[in-house]
Amino acid sequence: MIPRIDRIESRGLWLAVNMAVWLGVVVLYSHSIEIWHALVAAFGKAVAGGTPIALAVLLVALATVWGRRLLGGLSWPWAAASAVIFVVGLLATDPDFPAKRIHIPEYFALTLLVYWSCRHHLPRQLAVWGAVILAAGLGGIDEILQGAMAARTFGLRDIGINAMGAVSAGLYLQSLSKKVPLQPFDSKTFSYAVILLFGLSLL
């Protein structure tokens, strides 16, 4: 059986393996424009432009069903706040580049992935909002990678939209009524997290 990377006992190894996964996802995101070009070539720009919206709706539907059926319900004020940020983020993208709408569901999903990786190693609130901060920071790295590509551009607006996807996911996680059992505060893990965030800030 393949060991679950969220349950690796060695904190250093856990952080190294999961960070590699998170950065790998960001690299995939930065190259996802090729999928957009393929969709435009196959179906036209109008149809392709609706694809990010369709994916966003699917993600919201899955998150709602997951929260209500599997985790015992949602706290609707938190869920509503999450939905508002999600929709505002979609509307804030550059209308001339509809492919950028995918940033919101991408960073919503990445935040959930980071939280999943961290939930057994950190207290719940630190896992939730640490995932938000880390995913938003990775969104900045995504834009830096895009700025280094000949066919892509770096955008501060896009960094903000990536962060809105992360915040929306954080609010969604807050809305879940079934809590992961609280983990005791681990100063060693917290130190690793601080070092990681400091390293990201240097980038």
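# Exercises on a predicted helical model

Thr111 is buried, with a relative accessible area of 0%. The model is predicted.

## Exercise 1: Describe the overall build

How many helices and how many strands does the protein have? What share of the residues is buried?

**Solution.** 

Step 1. Count the elements. There are 8 helices and 0 strands. Read from the N terminus, the order is α-α-α-α-α-α-α-α.

Step 2. Turn to burial. Of the 203 residues in the protein, 42% are buried.

Step 3. Residues 24 or more positions apart account for 78% of them.

Step 4. The protein exposes about 10,700 Å². Carbon and sulfur atoms supply 73% of that area.

## Exercise 2: Trace the largest nonpolar core

Which residues have the most contacts inside the largest nonpolar core? Which elements give two or more residues to this core?

**Solution.** 

Step 1. Recall the background. In soluble globular proteins, nonpolar side chains tend to be buried together.

Step 2. Take the core itself. The largest one has 38 residues, and Trp22, Leu110 and Leu138 have the most contacts inside it.

Step 3. Assign the elements. Two or more residues of this core come from each of α1, α3 (45-70), α4, α5, α6 and α7.

## Exercise 3: Work through the salt bridges

Which residues make up the salt-bridge network that includes Asp6? Which partner does Asp158 have?

**Solution.** 

Step 1. Side chains of opposite charge can pair when their charged atoms come close. The cut-off is 4 Å between nitrogen and oxygen. The count comes to 3 salt bridges.

Step 2. Pair Asp6 with Arg4. Their closest N and O atoms are 2.9 Å apart. Asp6 is buried at 0% relative accessibility. Arg4, at 40%, is partly exposed.

Step 3. Pair Asp6 with Arg119. The N to O distance is 3.0 Å. Asp6 and Arg119 are both buried.

Step 4. Join the two pairs. Arg4, Asp6 and Arg119 are linked in a network of salt bridges.

Step 5. Take the remaining pair. Asp158 meets Lys100 in a salt bridge with an N to O distance of 2.7 Å. Asp158 is in helix α7 (residues 156-175), while Lys100 is in the loop between α4 (76-92) and α5, 58 residues away.

Step 6. Check their burial. Asp158 has a relative accessible area of 6% and is buried. Lys100 has 15%, and is buried too.

Step 7. Note a further contact of Lys100. Its charged end sits over the ring of Phe97, 6.0 Å from the ring centre.

## Exercise 4: Classify the aromatic pairs

Are the rings of Tyr29 and Tyr107 stacked or edge-to-face? Which residues form one aromatic cluster with Phe86?

**Solution.** 

Step 1. A pair of aromatic rings is described by the distance of the centres and the angle of the planes. Planes over 60 degrees apart count as edge-to-face. The count comes to 3 aromatic pairs.

Step 2. Classify Tyr29 and Tyr107. Their centres are 5.4 Å apart and their planes stand at 70°, so the pair is edge-to-face. Tyr29 lies in helix α1 and Tyr107 in helix α5, so the pair ties together parts 78 residues apart in sequence. Tyr29 is buried at 15% relative accessibility. Tyr107 is buried at 0%.

Step 3. Classify Phe86 and Phe108. The centres lie 5.7 Å apart with the planes at 85°, so this pair is also edge-to-face. Phe86 is in helix α4 and Phe108 in helix α5, 22 residues apart. Both Phe86 and Phe108 are buried.

Step 4. Complete the cluster. Phe86, Phe108 and Tyr172 form one aromatic cluster.

Technical notes: Residues are numbered from 1 along each chain as its sequence is written. This is a predicted model: local features need pLDDT of at least 70, side-chain atom pairs count only at pLDDT 80 or more; totals for chains, interfaces and linings use all residues. Side-chain values use heavy atoms; hydrogens and water are left out. A salt bridge is a side-chain nitrogen of Lys or Arg within 4 Å of a carboxyl oxygen of Asp or Glu. Buried means under 20% relative accessible area, exposed over 50%, partly exposed in between (1.4 Å probe, protein chains only). Helices (H or I, at least four residues) and strands (E, at least two) are DSSP runs, numbered from the N terminus. Rings of Phe, Tyr and Trp (its six-membered ring) pair if their centres lie within 6.5 Å; planes under 30 degrees apart count as stacked, over 60 as edge-to-face and the rest as tilted. A charge sits over a ring if NZ of Lys or CZ of Arg is within 6 Å of the ring centre and within 35 degrees of the ring normal. A nonpolar core is a set of buried Ala, Val, Leu, Ile, Met, Phe, Trp, Tyr and Cys residues joined through side-chain atoms within 4.5 Å. Contact means heavy atoms within 4.5 Å. Accessible areas come from the Shrake-Rupley method with a 1.4 Å probe; for residues, only the protein chains shown count as cover.
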